[in-house]
Amino acid sequence: MATPACRFPLPTKQRPRNSLLARYTRFDLHNMGVAIAELIVPFTGAIQAAVSVILTIGFGVAAAQCNLLSPSAAKEVSKLCVRMFLPALLIYKIGSNLHQDTGVRYIPVLSKLFMFTRDAYLGCTVWSISYTLFSVLIGRLLTRFFKLPAWVTPAIAFNNTTSLPLLLIQSLKQTHILDSILINGESGNAAMDRAESYFLVNAMINNSLTFALGPRLLKPGDEDAPDDHEEDDNTQEQDGQADGESSDMERGPDGILDEETSLLPHRIVRPTNRIEKKGYLKTQEWYNGLPLWLQEVLAITWQFANAPLLGAVVGTVIGLTPALHRLFFSPSNEGGYFNAWLTTSIKNVGELFASMQIIVVGVKLSTSMLRMKRGEDSGEVHKTSLVLVTLLRFIIWPLISIPFIWVIASKTQLLDADPMLWFSMMLMPTGPPAMILVALTDVTGAAETMKMTVAKFLTISYAITPMICFAVQFRGLSPVSDKAVWVSGTTGTVLRSTNAGLSWTNVSPPLPSENASSFEFRDIQAFSASTAVILSIGEGNLSRIYQTYDGGLHWKRSFVNEDAAAFYDCMAFEKEVARQGHGVAMSDPVDGKFRLLETWDGGAHWSIVSNTSMPAALPGEFAFAASGTCIEAAAGRWYIATGGVDPGRIFHTSSDSVSRGGWKVSDSKIAGGAAAGVFSVRFRDARHGVAVGGDFQKPTANNASASWSSDGGATWNRAMSFPGGYRSGVSWVPGRRQMAVAVGTSGSDFTVDGGRSWVGIGNGTFDAVECVARDICWASGSGGRVARLNLSGL
């Protein structure tokens, strides 16, 4: 029986409950073969996330078209966003997340908590600075080499680092498309809040660099750009002040409070003015007396002292100061006296940032399109510029950032065990150019044709922003070593890696074009990097077996099911080198008994064997095609795991013969039912075995989901503590007699006492697991991902 598709996470590292570090390194194998049914959830989630951004931009366009928000007013709103809304958002998000213990709650040493969050934000900071400066360098080089228009350099250098990512994250909260990379039982909202804080740190760094690196290339955001008709003379500024419309109306020409415009009482304003003026003049006198080089250094440093950076600093101080963190973020009855009023107000103001900034973008786009409509010369977007910027922002940067972050996180200890951090850092350099281009054309006095060109370019960039997420599910898994691994899955997909997952080759067999997407290779057995056997599950001729001897270049179809009543679920081969050619595939009951296929030549030829010694199946009993481990061969004996009945049962032989082995059956002590039972059974020798299962319709229910045997499967004992939920695959760890790892759609677990008790590693989802060395296991599942689990330290 086949089980439903499950979603699988991005690359991640997770902390187990015993405070030792286990590491999942996960490989995204999207687009290697996609079934229409598998696309629905991720496709819908990605479209919803992108459309929410486009619709918000549309509201901005509508506001401009209906004269609800003028371009000049939009600039004031944008200024308000950067100088008030964004700092408030940074204070709340960074302050609340910097101290949280989600993801490291099983680490008993409190200092680890601060190390976790400190490393995460440090990693974001270094990465943000690095990719921004690298983008600037690439932009300048390409612009000069290809002799491109001046606007191409900032288009390459600056992407939307604030509003667009935040709205995407807000949409992902609703679609739950990233729930599969949550760690250790944390809530989706908590993880998404943390992702928002990472993006905000990135935005703070990006904005600081923008403010600091010079007006000719790295302009600040359009919130600090002058109005379209603003000039440098003081007459208009004075008129604006007289009308009460100046953006600095509370400040005099010396930067000091003006008692004529301040709303404060005169008795407060006058002494305040005197003190401030005295301090201001003293500071100016001190500054003018400094050497010129030191003045330049201070001037550059001062450029970094912008509102978002100050908000981030305040949030950091609050987060890392226990007393302040308690005051701002704990419940009121636990000392959070600021939470209900001050923290809530800061949060409310901060949450205005993302939507308001995108609305301003819509106003800008509306203005640009109206200029295009007027028309004398609407400007031309050169194909070279459009293609180059689009390739860099949407394709090349993702191709760089995803493998780069994966290597840093999986091969070093520079990043901590937070999959949301991985996801955020991979996404940071990508996306459309920032709306800073609109401000640049105004500030630099560019020709109208360039303004029209930029408007067209931005319109195209935001139109192609929606990204489609494709999924492929891998249920079959067969690692040969810590370097060589084969995976198989939906849509007839088979992949192979010989370098520990750094690269993958699609070695799928040729299939009938009329129903190629219907083949699900749920089980695969690899004997080497060049030899493998795959099993497709399903009714009728969908159940079939293929074999390759040349690494997947050529496949031989060695079996096709011709019995409509048969449904083959899984297969297994003996592990002893001298008997590896002996394999068995099993089908759900036919005529009241489980049907078996047998091969003696490594899968080249198969034949149905007699099942006269097989106990009869109970009504409704079947096997689960979930991980390829519903049948097991170990130490000259065979085992079959079943479900559909309560409790699930385990069949076993007393010899290596499946036809004359004297099959017997035992209660597994694992709860069964219509969608429940034993999903995986594994033995490490002739006596000691573990079994896992549960109900795949209730992935977090962990009642009676694991058992163990010490007498070759004759009797089974219920575990004293169960895994964290339904588990579809289990594997013994070579070289560790009592250790095994189990995986499922609600998390992973391990045992160090032969299955008597289980400890959670994390709640990332998997279907199949296979351990190949003392410290190395491989896992696979849907979402087109494969994981390499490092057990060092456990």
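A: Happy to! One definition to begin with: two strands pair if DSSP finds at least two bridges between them. Keep in mind too that this is a predicted model.

Q: Okay, how many bridges join E3 and E4, and in which sense do they pair?
A: Strand E3 (residues 485-489) and strand E4 (residues 493-497) pair in the antiparallel sense over five bridges. One of the facing pairs is Val485 with Ser497 in E4.

Q: What do E3 and E4 form, and how many residues sit between them?
A: They form a hairpin with three residues between the strands. Thr491, in the turn, has a positive phi of about 55°.

Q: Is E3 buried or exposed?
A: Buried: five of the five residues of E3 have that label, so the strand is largely enclosed by the rest of the structure.

Q: Which residues are on which side?
A: Val485, Val487 and Gly489 lie on one side, with Trp486 and Ser488 on the other. Both faces of E3 are covered. As background, side chains in a regular strand alternate between the two faces of the sheet.

Q: Which of its residues in H10 are buried?
A: Pro308, Gly311, Ala312, Gly315, Ile318 and Gly319. They cover an arc of only 130° around the axis, which puts them on the same side of H10.

Q: Why would residues spaced like that point the same way?
A: An α-helix has 3.6 residues a turn, so residues three or four places apart point the same way.

Q: And which residues of H12 are buried?
A: Thr343, Ile346 and Gly350 are the buried ones in H12. Their arc around the axis is only 55°, which puts them on the same side of H12. The face turned away from that buried side carries the exposed residues Ala340 and Trp341.

Q: Where does Gly335 lie?
A: In the loop between helix H11 (322-329) and helix H12 (339-350). Gly335 has a relative accessible area of 11%, and buried means under 20%, so Gly335 counts as buried.

Q: What does Gly335 touch?
A: Leaving out residues up to four places away in sequence, Gly335 touches Arg326 and Leu327. Gly335 and Leu324 are eleven residues apart in sequence, and their C-alpha atoms are 9.9 Å apart in space.

Q: Which residues does the "transmembrane region" annotation cover?
A: The unreviewed UniProt entry gives several stretches, including 309-329 and 386-409. In the model, residues 309-329 are 95% helix and 0% strand, with the end C-alpha atoms 21 Å apart. Residues 386-409 are 100% helix and 0% strand, and there the end C-alpha atoms are 33 Å apart.

Q: Back to strands: what is the order in the sheet with E14?
A: That open sheet runs E14-E15-E16-E17, with antiparallel pairing. Strand E14 (631-634) and strand E17 (664-667) stand at the edges with a single partner strand each, so one side of each is left without a neighbour in the sheet. The twist averages 25° from one strand to the next.

Q: Which residue is the bridge partner of Ala633?
A: Trp638 in E15. E14 and E15 pair over four bridges.

Definitions and conventions. Residues numbered from 1 in each chain as written. Predicted model: local features only at pLDDT ≥ 70, side-chain atom pairs only at ≥ 80, totals over all residues. Heavy atoms only, no water. Buried < 20%, exposed > 50% of the residue type's maximum accessible area, 1.4 Å probe, protein only. Helix = DSSP H or I, 4+ residues; strand = E, 2+ residues; numbered from the N terminus. Arc of directions from axis to C-beta. Contact = heavy atoms within 4.5 Å. UniProt positions renumbered as here; feature names shortened; annotations may be inferred. Axes fitted to C-alpha atoms, helices over the stretch in contact; angles between N-to-C directions.
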